[in-house]
Every structure is written in C-alpha cells, then in structure tokens.
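Student: Hi! I've just opened this one and could use a hand finding my way around. Can we talk it through?

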Amino acid sequence: MQPRNMSMSGVVDLAAVKAAQEAKAKAEQTRAEAARKGGAGAVAPADLVIDVDEAGFERDVLQRSAEVPVVIDFWAEWCQPCKQLSPVLERLAVEYNGRFLLAKIDVDANQMLMQQFGVQGIPAVFAVVAGQALPLFQGAADEQQIRQTLDQLVQVAEQRFGLTGLTVDPGAQPGAAPAEAQEGPYDAALNAAADALDAGDLAGAVRAYQNVLADDPGHPEAKLGLAQAELLQRVQGFDPQQVRREAAEKPKDAAAQIAAADLDLVGGHVEDAFGRLIEAVQRTVGDDRDAVRRRLLELFEVVGPEDPRVVGARRALARALF
C-alpha cells in the first residue's frame with residue numbers, strides 16, 4: 001500500500017513540505033520511543049540486505065525508514081544488468097555498515113509496487129527516507145556513481161531527518177525481526193488532523209493540533225503540523241496576483257512582504273521567502289520590524305530547524321538585526 005505522505009518528487013523542496021515534516025516528526029517520535037525501550041538493538045551484517053514483498057512493504061520499508069534510509073533495488077531474474085548491479089549494492093550495504101538498508105523487490109512477483117513507484121524499466125533504484133520516496137538512478141551505473149549517490153542520500157537523511165542508521169554487530173544472530181511500531185497516545189488526534197488537512201478543513205486541523213499541544217506543548221509532530229496548517233490557513237483567501245503586486249509596489253510595507261513570503265513558502269520557494277523577509281527586516285523599524293522577524297521565525301518552524309536553508313537564513317537574520 002502506498003502511504004499518503006509518499007512523494008515521488010523527493011524530499012527536496014516545499015512542494016512536499018507537509019509530508020516531509022510529518023515524516024520527520026514521526027521519525028523523531030519512533031527514535032524516542034525506541035530509546036525509552038532501551039534502543040532498537042544491533043543487527044547482523046546479513047540483515048542489511050532484505051527481500052521485500054507487497055505484504056511486508058509497510059513494515060520492512062516504510063516503518064524502517066524512520067530509523068535508517070532504505071534503498072530499494074527493483075530487479076528480476078531475467079534481467080542481466082540487474083545481475084551486475086545487485087551484487088554491488090549488496091556489497092556496499094555491508095560496507096556502509098548500517099548507514100542504509102537495502103531492500104530487494106522482485107518486480108515479477110510485486111507488480112503493484114513497481115507501478116506505484118512508476119518504474120519504467122529495470123534495474124531501478126529508489127530510496128525511502130522517513131516515509132518519503134525519491135528516485136536514485138535507473139539502469140546500469142558504475143560503482144563510483146553509486147557511491148556518490150549513496151553518500152548524498154546518507155547526508156540528506158542525517159541532516160534533514162537525523163537518521164544516523166543502524167547499529168551493526170558482526171556477532172549478532174541474523175534474522176531478528178524489527179520491533180513493530182507502537183501506537184502513540186496522540187496518534188488518533190494526529191491522524192484526524194492530517195485527514196482534516198487533506199480534506200481542506202484547515203480550521204479543524206488547527207484545532208486538532210492545538211488539542212495535542214494543550215496536553216503536550218513540546219510534541220514535535222503537532223508543532224510542525226500546526227505551523228503548516230496555520231500557514232495554509234493564512235494564504236487560503238489570498239489573491240496571489242494582488243499580493244505580489246502590493247509587495248513589489250511597497251517594499252517597506254511589512255504586511256505586504258509578510259503576505260508575499262507566505263505565498264512564496266507555500267509555492268515551494270523557500271529561499272525566496274526567507275530572503276524577502278530578511279530584506280524586509282533591513283528596511284523596517286519598530287513594531288513592523290518585529291512583526292517581520294516573528295513571521296520569519298514561524299516559517300523556520302514550518303521548514304524545520306535542521307534544514308540547511310533555515311540554518312543559513314538564521315545567520316543572515318542575525319546579521320540583519322545586529
């Protein structure tokens with residue numbers, strides 16, 4: 001079953017920000033739960049390469065992707081290039097020592113998964129990171145290219161989602177099944193909020209997230225969800241052309257620049273939104289300047305504090321303020 005938050009465009013821009021931030025919060029929650037239970041435990045090197053079918057996809061790929069990047073190798077017995085590529089991926093999975101998990105999917109036996117990922121030909125290699133799917137490469141690739149791609153994947157997984165991979169113990173017994181994800185105390189409320197967002201009921205989503213935060217003010221998924229829902233709620237009644245025209249005509253108008261920045265972010269133009277508000281901080285004073293600064297901090301929460309674009313914008317904001 002393909003998850004609601006799976007974006008084939010990858011975790012690279014705000015076109016999938018809601019899905020990416022929900023996934024990040026879920027990954028953090030999963031790791032925290034594992035830590036409370038004494039950790040997820042070490043795996044044997046042989047467990048870094050697994051065969052996956054449609055029945056086990058959610059457990060073996062989606063749930064595992066909250067703790068480690070999962071690389072998917074779509075292959076078939078009759079595919080000669082697959083017989084060259086697959087052994088390389090298997091060897092690298094062991095060499096990378098838990099920084100990614102390799103899931104092998106036989107397309108002949110799993111046609112539905114092949115269709116859901118939009119695989120046009122094999123071999124085809126994808127990755128799933130914190131529930132987010134992204135294509136890596138298709139067809140033959142030399143080992144140097146594969147290593148470069150895997151290095152980038154590992155870096156994105158660590159920087160954006162805090163996924164540092166699995167602990168590997170050469171002496172561990174292979175074949176230990178991963179623990180089932182436990183339902184959290186707020187899962188029903190969070191699912192209701194996500195359903196409200198999908199249905200366009202932004203006010204309902206805001207209320208649902210606020211209810212969670214009233215009980216647990218630091219809940220990461222609820223904080224991210226509320227920031228996203230409030231952003232969408234703000235721009236719901238905007239006339240985009242009018243907003244952008246006013247922003248262009250009134251560069252020193254704080255409200256105009258704030259509205260345009262909200263539109264920029266919803267449209268996936270993260271750097272444009274941040275840059276616009278940093279320039280507005282430089283042009284304004286007093287209450288207007290403080291309003292711009294507060295909105296910029298709110299947008300940082302939407303994108304995520306660990307995102308490199310947020311880190312860079314924070315430095316730029318500090319320079320603008322001081």
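**A walk through the sheet and helices**

Tutor: Happy to! The model is a predicted one. It contains an open sheet of 5 strands in the order 1-3-2-4-5, with mixed pairing.

Student: Which strands stand at the edges?

Tutor: Strand 1 and strand 5 (132-138) do. Each has a single partner strand, so one side of each is left without a neighbour in the sheet.

Student: And what does the twist average from one strand to the next?

Tutor: The twist averages 25°.

Student: Let's look at strand 3. How many bridges join strand 2 to it?

Tutor: Strand 2 (residues 70-75) is joined to strand 3 by 6 bridges, and the two run parallel. V71 has L102 of strand 3 as its bridge partner, and D73 stands opposite K104 in strand 3.

Student: How does the chain cross from strand 2 to strand 3?

Tutor: It goes through helix 3 (residues 80-95), making a β-α-β crossover that is right-handed.

Student: What about strand 1, parallel or antiparallel to strand 3?

Tutor: Strand 1 (residues 49-51) pairs with strand 3 in the parallel sense, over 3 bridges. In that pairing, V49 stands opposite L102. L102 is also the bridge partner of V71.

Student: Why is strand 3 largely enclosed by the rest of the structure?

Tutor: Strand 3 (residues 101-106) has 6 residues and 5 of them are buried, so the rest of the structure largely encloses this strand.

Student: Okay, helices now. At what angle do the axes of helix 7 and helix 8 cross?

Tutor: The axes of helix 7 (residues 202-215) and helix 8 (residues 220-235) cross at roughly 155° and come within 9 Å. Angles over 145 degrees count as roughly antiparallel, so that is how helix 7 lies to helix 8.

Student: Is that crossing left-handed or right-handed?

Tutor: Helix 7 passes helix 8 in a left-handed crossing.

Student: Which residues meet there?

Tutor: From helix 7, the residues include L202, V206, Y209 and L213. On the helix 8 side, L226, A229 and L232 are among them.

Student: Last one: where is E301 found?

Tutor: E301 is in helix 12 (residues 286-303). Setting aside residues up to four places away in sequence, E301 touches L224 and A227. E301 and L224 are 77 residues apart along the chain, yet their C-alpha atoms are separated by 6.6 Å.

Notes:
Residues are numbered from 1 along each chain as its sequence is written. This is a predicted model: local features need pLDDT of at least 70, side-chain atom pairs count only at pLDDT 80 or more; totals for chains, interfaces and linings use all residues. Side-chain values use heavy atoms; hydrogens and water are left out. Helices (H or I, at least four residues) and strands (E, at least two) are DSSP runs, numbered from the N terminus. Contact means heavy atoms within 4.5 Å. Buried means under 20% relative accessible area, exposed over 50%, partly exposed in between (1.4 Å probe, protein chains only). Two strands pair if DSSP finds at least two bridges between them. A crossover is right-handed if, with the strands pointing away from the viewer, the path from the first strand over the helix to the second runs clockwise. Axes are lines fitted to C-alpha atoms, for helices over the stretch in contact, and angles run from 0 to 180 degrees between N-to-C directions. Angles under 35 degrees count as roughly parallel, over 145 as roughly antiparallel, 65 to 115 as roughly perpendicular and the rest as oblique. A crossing is left-handed if the near helix is turned anticlockwise from the far one by less than a right angle, and right-handed if clockwise.
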